[in-house]
Amino acid sequence: MTNEVKKEVEKSLTILGEEIAERQEQIELIKNIDFSKPIDEETWHKICETPLRSSDILAVLVKNTFP
């Protein structure tokens, strides 16, 4: 393998590792949400980066946050 090929492989592996870490963080976030309590703005933005952004669950969180 040439140096150029090795660099590209390493770059790809780094990107994939970062994507995996991001997904793991999202999984932990979703697992730890208390859907009976309000959430802060930072958590709201993080949730909106997950597949929950297009679910009815966001309405529940909005009602908890802004009764």
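K31 and E28 are both located in helix α1, three residues apart, which is about one turn of the helix; helices here are DSSP runs of H or I with at least four residues, numbered from the N terminus. The model is predicted, so local features need pLDDT of at least 70 and side-chain atom pairs count only at pLDDT 80 or more, while totals for chains, interfaces and linings use all residues. Residues are numbered from 1 along each chain as its sequence is written, and side-chain values use heavy atoms, with hydrogens and water left out.

**Salt bridges**
- Four salt bridges are counted, each requiring a side-chain nitrogen of Lys or Arg within 4 Å of a carboxyl oxygen of Asp or Glu.
- One of them joins K31 to E28, with the closest N and O atoms 3.9 Å apart; K31 is exposed at 60% relative accessibility, whereas E28 is partly exposed at 38% (buried is under 20%, exposed over 50%, partly exposed in between, with a 1.4 Å probe and protein chains only).
- K46 pairs with E42 at 3.3 Å between the closest N and O atoms, and these two residues are four apart in helix α2 (residues 41-47), so about one helical turn separates them.
- K37 and D34 form a further salt bridge at 3.8 Å, N to O, with K37 partly exposed at 48% and D34 partly exposed at 35%.

- Q26 lies in helix α1 and is buried, with a relative accessible area of 10%.
- Leaving aside residues up to four places away in sequence, Q26 touches E49 and T50, where contact means heavy atoms within 4.5 Å.
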